[in-house]
Amino acid sequence: MSEHKDEKSAKNAKNAAKKKKTSRSVVAARFVVCAVSSAVLAVSGAGWFAHHSLTNGLKTSDALDAIRKRAPKHLDNSVNLLLVGLDSRKDMDGNDLPKEFVQDELHAGSSEIGYYNTNTLILMHIPADGGRATAFSVPRDDYVQTLNGDGSPQGHFKIKEAYSIAYTKEREKLDAEGVKGPDLERRSREAGREATLATVQNFLGVPIDHFAEVNLLGFYDIAKVLQPIQVCLNHPVKDKYSGADFPAGPQELNPKQALAFVRQRHGLDNGDLDRTHRQQAFLSSVTHKLKSEGVWGDLGKLQGLFDAVKKDVVLDSSWDVLDFMQQVPSLTGGKVDFHTLPITGFATRAGEDVNLVDADKIKEIVRAATGQAPSSSPTPSDGTADAKSGGTPSPTPSAGQSSAPAADSSPAPSASPSASDDDQAGQTVKMGGIPCVD
């Protein structure tokens, strides 16, 4: 009987020790789980705070909502971005920028010039696999069928005028309804954005997924944060209209000079077509600088850039730009090939000099480069004039370009199987270094 009690006591003691050991293990495991959870929450919280502090205050637009239902269908998970440069000397509330600033720093005449025309339209296509991107500059004077945001036609105008036509019409309507102040400006600009997006999407025949808009002041502020900006010219230039006065070769520009560099068209052999190459070269130089200085991975440096962007840049509301930049190394790494879409000649329409274009050929080039299948039925004609409609035919200009040593020296793919450099209104400008342009 005594032996049985001793065995039972020993067994109970053993079980008690086992339970104590198990309890300690459970406590330890719980501690580890809590510690890991806390660390995850802390990191997530820090990430959220960093993301929020960078993006809070960004100006956004819902203009894409107006055109999505009429957009061509994507065949894969590629992304098309439209970069819009607005030739406006106004702030976001519609007030004139200080006269001295416009004249002395922007070298842009008066606040009455430019109105709400788009001087820069660049479509950037990022393939589904995240590989090398392709970008197309649309010359601002291309004579096309412009549209309102609802798809209704405005008429035939320079593509840059789609924004201003819709802006003016909407502003007059809202003003008659009693809308005033910043709300009047905001809603009128939104109509301008919708019209620009609808017109470009129809002209190029591909869907637009995201867009960014910047005006002259926004460009200046961004250049101010990033200065000096490195560029390279094949020839010396001097132009009293833009203020461009540069020697040939590599050089560094301050914000005022950078704006003159991308705005010059007078004194260039191919006018606006050469200006598109300047804009492409500037984007390449900026991307090269951001990458080489490690800005993409530095919160402090990104903060300074985003603070400038918040003032005068508008992004579409569905675009999480920080997440996007992490997912598309082709952009942050400078792997983009720029092309300028071709024209067929020059003409005068309604007393204005315009570029004549072959709308079907434009769609063919862009669709081939972006992987869009040709439409099963003939593309509806937008009535765009061609060289036979009274204009003076002119061969598409070719701008010879050299390039400084670039970070990425891989060969640039052709925009389409049949597209040569001449078809692209000049040789390809490759992002990834400091390209030399005319």
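This is a predicted model: local features need pLDDT of at least 70, side-chain atom pairs count only at pLDDT 80 or more; totals for chains, interfaces and linings use all residues.

Student: What makes Asp272 and Arg140 a salt bridge?

Tutor: The rule asks for a side-chain nitrogen of Lys or Arg within 4 Å of a carboxyl oxygen of Asp or Glu. In Asp272 and Arg140 the closest N and O atoms are 3.0 Å apart, and the pair forms a salt bridge. Asp272 sits in helix α7 (residues 272-292) and Arg140 in the loop between β4 (133-137) and β5 (143-147), so the pair ties together parts that are 132 residues apart in sequence. Helices (H or I, at least four residues) and strands (E, at least two) are DSSP runs, numbered from the N terminus.

Student: How many salt bridges does that rule give?

Tutor: The count is 22. One of them joins Asp307 to Lys310, with the closest N and O atoms 3.8 Å apart. Asp307 and Lys310 both belong to helix α8, three residues apart, about one turn of the helix.

Student: Why is Lys310 called buried, and what is Asp307 called?

Tutor: Buried means under 20% relative accessible area, exposed over 50%, and partly exposed in between (1.4 Å probe, protein chains only). Lys310 has 12%, so Lys310 is buried. Asp307 has 38%, so Asp307 is partly exposed.

Student: How do you know that the length of helix α8 agrees with its residue count?

Tutor: The expected span of a helix is 1.5 Å times one less than its number of residues. Helix α8 (residues 299-312) has 14 residues and should therefore span 20 Å; its end C-alpha atoms are 21 Å apart, which agrees.

Student: Why is β5 described as largely enclosed?

Tutor: Five of the five residues of β5 are buried, so β5 is largely enclosed by the rest of the structure.

Student: And what makes β5 and β6 a pair?

Tutor: Two strands pair if DSSP finds at least two bridges between them. β5 and strand β6 (residues 153-158) have five bridges, in the antiparallel sense. Tyr143 stands opposite Lys158 in β6. The hairpin of β5 and β6 has five residues between the strands, and there Gly151 takes a positive phi near 90°.

Student: How do you know that Cys232 and Cys436 form a disulfide?

Tutor: A disulfide is a pair of cysteine sulfur atoms within 2.5 Å. Cys232 and Cys436 have an S to S distance of 1.8 Å, and a disulfide joins them. The pair links distant parts of the chain, with Cys232 in strand β8 (residues 229-233) and Cys436 in strand β19 (residues 435-437), 204 residues apart.

Student: Why is this disulfide called right-handed?

Tutor: The torsion about the S-S bond of Cys232 and Cys436 is about 70°, so the disulfide is right-handed. Both Cys232 and Cys436 are buried.

Student: Last one: what makes Glu190 and Arg193 a polar contact?

Tutor: A polar contact is a pair of N or O atoms within 3.5 Å; within protein, one must be able to donate a hydrogen and the other to accept it, and residues adjacent in sequence count only if both atoms are side-chain atoms. The side chains of Glu190 and Arg193 are joined by such a contact at 2.8 Å.

Key
Residues are numbered from 1 along each chain as its sequence is written. Side-chain values use heavy atoms; hydrogens and water are left out.
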